[in-house]
Amino acid sequence: MDDHMILDLFFERQESAIVETRHKYGLRLQRTAMNILHSHEDAEECVSDTLFKAWETIPPSRPVYFGAYLAKITRNFSINRWEAKGAAKRGGGEMDLLLDELEACIAAPGGPEEAYEAALVTEAINAFLSTINQTARVAFVLRYFHGESIRAISERFRVSESKLKSILFRTRKKLGAYLEKEGIQL
């Protein structure tokens, strides 16, 4: 079933929308949550929370990129759960490592007054990603959005871990320069 048909089910308030969404996106959402939480139970709960949130927000919203919409919700639920549980006992500090890698080029928002700035940063990052080659873009998104491990991404691209680390390092440096050029304070 394609996304438009699933979204139509949401708009008709048919519970089969949840079933179809889980069927189409469940494994992808589960993997995103697992990469952050390293717990099957917590990941499954985040996926369930995502489906409930989709049920609450569709309608009125009709996401253009339904899969990305769901992935973002899952990622946010997963990060919130990870923060609540404490990084020390979850995933060997992998999430800390991800955040540390990006810290040099992206400042975390600290309050509601910075929400506008965070939206500008998000828009700039999306614009930046459209300027780089597909390999770097996909590796960056897998690492910093989906939380994939270096090993998993390097296996996917059939490159060494050191080459992938180099690609990610150069991409982060380019991102930092791009954000500075756009006038975004780091």
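Glu148 touches Arg31, Asn35, Leu142, Arg143 and Ile153, leaving out residues up to four places away in sequence; touching, or contact, means heavy atoms within 4.5 Å. This is a predicted model, in which local features need pLDDT of at least 70 and side-chain atom pairs count only at pLDDT 80 or more, while totals for chains, interfaces and linings use all residues. Residues are numbered from 1 along each chain as its sequence is written, and side-chain values use heavy atoms, with hydrogens and water left out.

Glu148 lies in the loop between helix 7 (134-144) and helix 8 (150-157). Helices (H or I, at least four residues) and strands (E, at least two) are DSSP runs, numbered from the N terminus. With a relative accessible area of 8%, Glu148 is buried; buried means under 20% relative accessible area, exposed over 50%, and partly exposed in between (1.4 Å probe, protein chains only).

The table gives side-chain polar contacts. A polar contact is a pair of N or O atoms within 3.5 Å; within protein, one must be able to donate a hydrogen and the other to accept it, and residues adjacent in sequence count only if both atoms are side-chain atoms.

| Side chains | Polar contact |
|---|---|
| Glu148 and Arg31 | 3.4 Å |
| Glu148 and Asn35 | 3.2 Å |
| Thr74 and Thr50 | 2.8 Å |

Thr74 has its place in helix 4 and is buried, with a relative accessible area of 0%. Apart from neighbours within four places in sequence, Thr74 is in contact with Leu29, Ala33 and Thr50.

Leu29 and Ala33 are among the buried residues of helix 2, which also include Thr21, Tyr25, Gly26 and Asn35. Helix 2 bends by about 65° at Tyr25, the bend at a residue being the angle between axes fitted to the seven residues ending there and the seven starting there. Just after helix 2, His38 has a positive phi of about 55°.

Helix 1 (residues 3-11) has Asp3, Ile6, Leu7, Leu9 and Phe10 as its buried residues. Viewed down the axis of helix 1, these fall within an arc of 150°, so they line one face of the helix; the arc is that of the directions from the helix axis to the C-beta atoms. Their cover includes helix 2 (16-37), helix 3 (40-57) and helix 4 (66-85). At the start of helix 1, a side-chain oxygen of Asp2 comes to within 3.2 Å of the backbone nitrogen of His4. Arg13, which follows helix 1, has a positive phi near 60°.

A nonpolar core is a set of buried Ala, Val, Leu, Ile, Met, Phe, Trp, Tyr and Cys residues joined through side-chain atoms within 4.5 Å. In the largest such core, of 20 residues, Phe128, Leu129, Leu164, Leu168 and Leu175 touch the most other members. Helix 6 (115-129), helix 7, helix 8 and helix 9 (161-181) each supply at least two residues of this core, and helix 9 gives the most, with 6 residues. Another core lies apart from it and has 15 residues, among them Phe10, Leu51, Ile58 and Ala71.

For the chain as a whole, there are 9 helices and 0 strands. Buried residues make up 42% of its 186 residues. Of the contacts with a separation of 6 or more, 61% are between residues 24 or more positions apart.
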